[in-house]
Amino acid sequence: MIEDCFDGWMEILTRSGAVKLSGAEIDTGATATPAAGAAKGGADIDLGVMPEWNLADLYSAPTAIEVSNDIAAARNEASQLKSCYQGKLVALANDGAGLAAAIVAYERLSDRLGKLGSYAGLLYAANTADPARAKFYGDIQETITSISTELVFFELELNHIEEKALSTALEHPTLARYAPWFHDLRREKPYQLEERLEQLFHEKSVTSRASWNRLFNETMTSLRFEIEGEPGPLALEPTLNMLTSTDEKRREAAAEALAKVFRGNIRLFTLITNTLAKDKEISDRWRGFADVADSRHLANRVEGEVVDALVTAVREAYPRTAHRYYALKAKWLGKERLAHWDRNAPLPEKSERVLTWDDARATVLEAYASFDPKMATIAHDFFEKGWIDAPLREGKSPGAFSHPTVPSAHPYILLNYQGKARDVMTLAHELGHGVHQVLAAPQGALLAPTPLTLAETASVFGEMLTFKQLLAATEDKRERKALMAGKVEDMINTVVRQIAFYQFERKVHEARRAGELTSEQIGEFWMEVQRESLGPAVELKSGYENFWAYIPHFIHSPFYVYAYAFGDCLVNSLYGLYQEAHPEFVDKYFAMLKAGGSRQYSELLEPFGLDARDSTFWRRGLSVLEGMIDELEVM
């Protein structure tokens with residue numbers, strides 16, 4: 001939808017399944033490599049030459065004449081749409097060809113605005129510390145909001161077309177392909193406001209939600225953490241990476257540095273959280289959403305009951321998954337309990353082998369090719385055509401993501417590669433998103449975006465393929481144990497942790513409806529869900545109560561996080577069918593990815609015989625994690 005083109009760039013990323021949570025708490029990547037020569041993953045680790053993306057397929061520079069031309073063209077197209085169709089769309093339903101022409105023009109403008117927004121956002125993500133890029137990002141955000149505000153009427157009027165008239169209009173061959181989009185639009189009708197209010201909400205997003213998002217981004221990127229033994233202060237990503245160090249003292253020092261800086265900035269992060277939670281409450285109240293997560297469920301095209309079933313199943317499995325695994329890990333490390341900074345410590349068996357960028361590329365492409373050569377061919381383009389930005393770099397946005405941009409272009413992937421097996425899995429994850437986005441692009445700007453119920457499918461499936469590839473190449477029993485333990489930890493981070501995060505968000509947003517929250521209240525909510533999910537084998541030391549503050553999903557896209565658990569459990573079920581040689585699995589899988597947002601998740605799962613409304617579906621997915629922990633216990 002045009003009004004969603006640039007309503008906060010990170011929200012666009014997360015709506016499309018782009019930002020990867022994993023690692024110590026979350027992959028919040030940072031950045032960096034010389035323009036030529038060897039890239040470094042640490043003080044003295046040579047990872048080889050890593051790629052930096054080339055955004056010229058969007059625009060050659062912020063000052064390029066094409067940017068000005070597209071802004072002018074977008075203004076003109078928006079003006080024409082408004083003059084031609086405002087107040088006339090209901091009557092136009094009697095003319096299928098005329099309504100089709102309006103939708104095609106609307107979609108074309110969506111793509112143009114999306115291209116502008118994608119370029120500004122990606123340029124900004126590559127170096128959020130650059131004032132010129134920040135200004136360009138802000139200016140483009142305001143420009144797109146101004147243009148799209150003029151078209152708020154469009155979808156509102158479409159929802160006033162009577163069902164019978166719309167059904168008749170959709171018989172027109174050009175318009176018929178947009179039937180799923182109209183179906184989704186109809187689901188939003190009960191929560192839409194009258195046009196002037198929608199315009200106000202939309203226009204003020206620049207100075208409200210989007211501005212607070214930007215404040216969070218730039219504050220987090222600017223934070224520095226002083227750790228004894230390091231030559232200078234570190235940014236967030238390398239500090240988080242230190243929580244996986246083999247040296248317990250370094251892990252503890254990193255955790256204490258994180259706690260100290262978060263504590264020093266906690267009033268700001270509390271203010272941001274309070275403001276955005278209140279902003280959401282106002283919007284929810286005006287629109288008529290009863291539950292704090294209802295708007296997310298609507299955006300995800302998933303029923304609240306299905307999410308509740310997922311949450312219940314995961315929470316019931318805490319003792320059989322996270323609690324049991326961390327008790328095992330404490331024993332392996334010779335401890336009665338794990339301090340929170342030991343939760344992602346490597347096992348003694350873990351290989352210290354550094355995986356160069358070429359190693360990572362070869363591993364992932366081979367894993368993808370073993371599934372189907374078409375998958376590897378699509379992924380190969382990302383490496384060869386400048387679609388990946390891999391190294392650490394000062395000022396680079398924390399995180400790993402794949403941004404789909406627009407169907408007329410192609411996705412771009414941002415990583416912060418540091419040479420660990422987990423970084424290879426992150427590459428596999430984001431390439432899974434990228435392949436999905438390439439396959440879905442022919443659906444067009446209105447139908448290509450995939451709801452979160454399926455957006456994490458290809459990414460997690462790509463991880464699973466790569467894990468199996470790494471496991472098959474590892475003969476040493478101790479290394480196999482460490483590799484399997486790493487996969488279990490990733491699955492716990494993807495399923496258990498994200499449901500805990502979802503529970504934390506529910507507590508914050510529900511309590512915020514009664515009044516402003518203190519840092520201490522938010523911290524206690526955080527500690528409650530962490531104790532419940534991690535179990536008695538993990539000791540949450542002083543300072544951990546503020547670790548909620550840096551997780552961007554809470555800021556950019558409330559309640560996004562359950563999509564990871566949804567996707568992981570779904571992929572476990574799908575991968576089980578793949579191993580069982582389910583009939584025509586590969587063809588069905590590619591058909592699911594190509595559908596993008598043109599079909600509901602229930603329709604896409606039906607060919608596989610899967611039903612997310614059935615509680616056994618979630619238990620089946622969780623049983624894969626439980627089975628891997630069983631194997632580790634035997635080892």
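1. Let's start with lysine 385, which counts as partly exposed at 46% relative accessibility. Here buried means under 20% relative accessible area, exposed over 50% and partly exposed in between, with a 1.4 Å probe and protein chains only. Lysine 385 sits in the loop between α19 and β4; helices (H or I, at least four residues) and strands (E, at least two) are DSSP runs numbered from the N terminus.

2. A word on what we are looking at. This is a predicted model, in which local features need pLDDT of at least 70 and side-chain atom pairs count only at pLDDT 80 or more, while totals for chains, interfaces and linings use all residues. Residues are numbered from 1 along each chain as its sequence is written, and side-chain values use heavy atoms, with hydrogens and water left out.

3. On to the overall picture. I get 30 helices and 7 strands for the protein. The radius of gyration is 24 Å, close to the 26 Å that the globule rule gives for 635 residues, so the protein is as compact as a globular protein of that length. That radius is taken over C-alpha atoms, and the rule is 2.2 Å times the number of residues to the power 0.38. The C-alpha trace spans about 75 × 55 × 55 Å along its principal axes.

4. Burial and surface next. Of the 635 residues, 62% are buried. The protein exposes about 23900 Å², and carbon and sulfur atoms supply 51% of that area; the areas come from the Shrake-Rupley method with a 1.4 Å probe, and for residues only the protein chains shown count as cover. Among contacts between residues at least 6 apart in sequence, 79% join residues at least 24 apart, where contact means heavy atoms within 4.5 Å.

5. Salt bridges: the whole structure has 40 of them, counting a side-chain nitrogen of Lys or Arg within 4 Å of a carboxyl oxygen of Asp or Glu. One to look at is glutamate 52 with arginine 393, whose closest N and O atoms are 3.5 Å apart. This pair links distant parts of the chain, 341 residues apart: glutamate 52 is in the loop between β2 (46-48) and α2 (65-85), and arginine 393 is in the loop between β4 (388-389) and β5 (401-403). Glutamate 52 is partly exposed at 33% relative accessible area, whereas arginine 393 counts as buried at 19%. Both belong to a salt-bridge network that links Glu52, Asp389, Arg393 and Lys396.

6. Another pair is arginine 186 with glutamate 163, at 2.7 Å from N to O. Arginine 186 lies in helix α9 (residues 179-188) and glutamate 163 in helix α7 (residues 163-169), so the bridge ties together parts that are 23 residues apart in sequence. Arginine 186 counts as buried at 15% relative accessibility, while glutamate 163 is partly exposed at 48%.

7. Then there is glutamate 384 with arginine 361, the closest N and O atoms being 2.6 Å apart. Glutamate 384 is in helix α19 (residues 373-384) and arginine 361 in helix α18 (residues 357-371), 23 residues apart. Glutamate 384 is partly exposed at 48% relative accessibility, and arginine 361 is partly exposed at 22%.

8. Two helices deserve a look. The 14 residues of α11 (residues 209-222) should span 20 Å at 1.5 Å a residue, and the end C-alpha atoms are 20 Å apart, which agrees; the expected span is 1.5 Å times one less than the number of residues. Buried residues in α11 include Ala210, Phe216 and Met220. In α28 (residues 585-594), Phe585, Val586, Tyr589, Phe590, Met592 and Leu593 are buried. Seen down the axis of α28, its buried residues fall within an arc of 155 degrees, so they line one face of the helix; the arc is that of the directions from the helix axis to the C-beta atoms. Glycine 596 follows α28, with a positive phi near 55 degrees.

9. Last, leucine 347, in the loop between β3 (338-339) and α18. Leucine 347 is buried at 6% relative accessible area. Leaving aside neighbours within four places in sequence, leucine 347 is in contact with Lys329, Trp332, Lys481, Ala482 and Ala485. The C-alpha atoms of leucine 347 and glutamine 498 are separated by 23 Å, and the two residues are 151 apart along the chain.
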